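Here is a short tour to read alongside the picture. Keep the structure open and trace each strand as you go.

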Amino acid sequence: CSHYAFSFSPSHVLLKRASQTFAASRCPPLQIQMQKTTPSPDKSWNVGRFAKTFTFFNGNPILKLIPFVPSGSPSVPRPDPVQLSSSETVVWDFASLDSAAFASLWAPLDDVVMGGGSASAISQAEHGATLAGVTSSLNSGGFCSARTRNVSPAYDLGGYKGVAMKVRCERGMRYKIILRDREGWDTVAWCYSFDTVPGKWMDLKVPFSSFIPVVRGNTITPKEPIRPSSLYSVQVMLSKYEYDGQLNPNFTEGPFQLDFGPIRAFT
C-alpha cells in the first residue's frame with residue numbers, strides 16, 4: 001500500500017484498531033493542532049495520530065453509528081475567493097484566515113493512514129503556508145502532505161484555465177498538487193507533479209488539462225475530464241512514489257520543507 005500516495009482506504013485491521021481507540025476514549029471529534037516545529041518520524045505505527053487524521057477528515061466513525069448524535073462534519077463552509085485582477089482569483093487563501101479557521105481547513109495527511117511513520121505539520125507563514133516534516137520508509141510508507149477539508153459549496157472555476165501557486169523547496173524535490181472534484185473522501189485525485197528549484201521561488205501554473213486522474217496511486221481512464229466547476233479540496237504532497245508503482249526520481253528520504261503561497265485560479 002506504499003503506492004497509494006494520494007488517498008487512502010485503510011485496511012480492516014487499521015479500521016478495527018482505530019475503532020477500538022475511539023470507543024475507549026469516548027471523545028468528540030478531534031481537531032488537529034498545527035505545529036510550528038518539524039515533527040519527528042514515528043518508529044512504529046502511531047494509532048493516535050491515525051485517529052486524529054481520520055477524524056479530522058471523516059468525523060468520528062463511532063458516533064456515526066449512534067442516531068441523532070453529531071459525528072462532526074468532514075466539510076467546512078467555503079471561504080470566499082478573492083479576486084486579484086481580471087485574470088486571477090485567489091481560491092485557497094491564507095492571509096484572510098485566522099488561526100482557528102486555518103486549523104479547521106488545513107491539516108497534515110501523512111502515510112500514517114497507511115500504517116507508515118512519516119510525519120509533517122503545516123503552519124501559516126508570511127508567504128502563505130509551510131509544509132515541513134520527515135519522510136520515512138517505515139512499513140513501506142514514504143509520503144507527507146497537507147490537504148484541505150472539503151468545502152461546501154464547492155468552488156466553481158469553470159471560467160478559468162487552471163490553478164497557480166508560488167513554491168519553494170530548499171532541497172529542490174518533486175512534489176504534487178492534487179485537486180478533487182467529487183464530494184466524497186476517497187474520490188478520484190487529479191494530480192500534477194512538479195519539480196522545484198533548490199532554494200528558489202517559482203510560480204507554478206498548471207492548466208486543468210494537465211491534471212491526471214489517480215485512484216490510490218494508480219492512474220485510471222476517467223469517464224469524464226476534471227470538473228473545474230466543482231472543486232472541493234486541494235492537497236500538496238511529497239511522495240517517494242510517482243504513479244503506478246514507479247518511484248519519484250527527484251526524492252530524498254528525510255527532512256523537507258515546502259513553502260507555498262495562496263492557490264490561485266487563472267484565465
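In this predicted model, strand S10 (residues 174-180) and strand S15 (residues 233-239) run antiparallel and are joined by 6 bridges.

**The open sheet**
- S10 and S15 belong to an open sheet of 7 strands with antiparallel pairing, in the order S4-S7-S15-S10-S11-S13-S14.
- At the edges sit strand S4 (106-108) and strand S14 (218-219), each pairing on one side only.
- Helix H2 (residues 47-58) packs on this sheet, where it touches S4 and strand S7 (143-148).
- The direction of H2 makes about 155° with that of S4.

**Strand S9 and its partners**
- Strand S9 (residues 162-169) has 6 of its 8 residues buried, so the rest of the structure largely encloses this strand.
- S9 runs antiparallel to strand S12 (residues 202-207), with 6 bridges between them; here Val-163 has Val-206 as its bridge partner.

- The chain has a mean pLDDT of 85, and 81% of its residues reach 70 or more.
- Over residues 1-36 the pLDDT is below 50, although this stretch has 93 contacts in the model beyond near neighbours in sequence.
- Where pLDDT is low, predicted coordinates should not be read in detail.

Technical notes
Residues numbered from 1 in each chain as written. Predicted model: local features only at pLDDT ≥ 70, side-chain atom pairs only at ≥ 80, totals over all residues. Heavy atoms only, no water. Pairing = 2+ DSSP bridges. Helix = DSSP H or I, 4+ residues; strand = E, 2+ residues; numbered from the N terminus. Contact = heavy atoms within 4.5 Å. Axes fitted to C-alpha atoms, helices over the stretch in contact; angles between N-to-C directions. pLDDT = per-residue confidence, 0-100. Buried < 20%, exposed > 50% of the residue type's maximum accessible area, 1.4 Å probe, protein only.
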